Amino acid sequence: MFKGLHPQAIGFSVPFDEALALAHTYGFTALDLSFPELRQLVEQTSLQAVQERFQASQLRPGGWALPTDFRGNEEKYQAGLAELPYYAAIAQSLGSPWCSTW
């Protein structure tokens, strides 16, 4: 088990690099993956660059939220489901097999 930070779960949103710094400063060992920001970062830089940011911060990738909204209408559910393979591929490449929903 490890202690991971998920800023949105505790009511605030910060850019990826700031979240990494906060997680490191306050003794977390992981930062949860925040899509779609992470997707945009991978597309603007590279997956390797994101991996290097985790390593430089001495953090591991944490979990990530399932992109589907199963409580909403079918169209929203299907749109989220279409994103799932892309999210899962990024997460797997970063070493994060933990996905959740609530």
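Trainee: Before reading any feature, what should I know about the model and its numbering?

Mentor: The model is predicted, so local features need pLDDT of at least 70 and side-chain atom pairs count only at pLDDT 80 or more, while totals for chains, interfaces and linings use all residues. Residues are numbered from 1 along each chain as its sequence is written, and side-chain values use heavy atoms, with hydrogens and water left out.

Trainee: How many helices and strands are in the protein chain, and what pattern do they follow along the sequence?

Mentor: Helices (H or I, at least four residues) and strands (E, at least two) are DSSP runs, numbered from the N terminus. Here the protein chain has four helices and four strands, and along the sequence they follow the pattern β-α-β-α-α-β-α-β. The radius of gyration, taken over C-alpha atoms, is set against a globule rule of 2.2 Å times the number of residues to the power 0.38. For the protein chain the radius of gyration is 14 Å, close to the 13 Å that the rule gives for 102 residues, so the chain is as compact as a globular protein of that length. Its C-alpha trace spans about 40 × 30 × 25 Å along the principal axes.

Trainee: What share of the contacts in the protein chain is made by residues 24 or more positions apart?

Mentor: Contact means heavy atoms within 4.5 Å. Among contacts with a separation of 6 or more, residues 24 or more positions apart account for 71% in this protein chain.

Trainee: Which residues of helix 1 are buried, and where do they lie around its axis?

Mentor: An α-helix has 3.6 residues a turn, so residues three or four places apart point the same way. Buried means under 20% relative accessible area, exposed over 50%, and partly exposed in between (1.4 Å probe, protein chains only). In helix 1 (residues 16-25) the buried residues are Phe16, Ala19, Leu20 and Ala23. Seen down the axis, these buried residues fall within an arc of 105° (taken from the directions from the helix axis to the C-beta atoms), so they line one face of helix 1. Their cover includes strand 1 (4-5), strand 2 (30-33), helix 2 (37-44) and helix 3 (47-56).

Trainee: Which residues of helix 3 are buried, and which exposed residues does the face turned away from them carry?

Mentor: Ala49, Val50 and Phe54 are the buried residues of helix 3. They cover an arc of only 145° around the axis, which puts them on the same side of helix 3. The face turned away from that buried side carries the exposed residues Gln48, Gln55 and Ala56. Cover for the buried residues of helix 3 includes helix 1, strand 2, helix 2, strand 3 and helix 4 (74-94).
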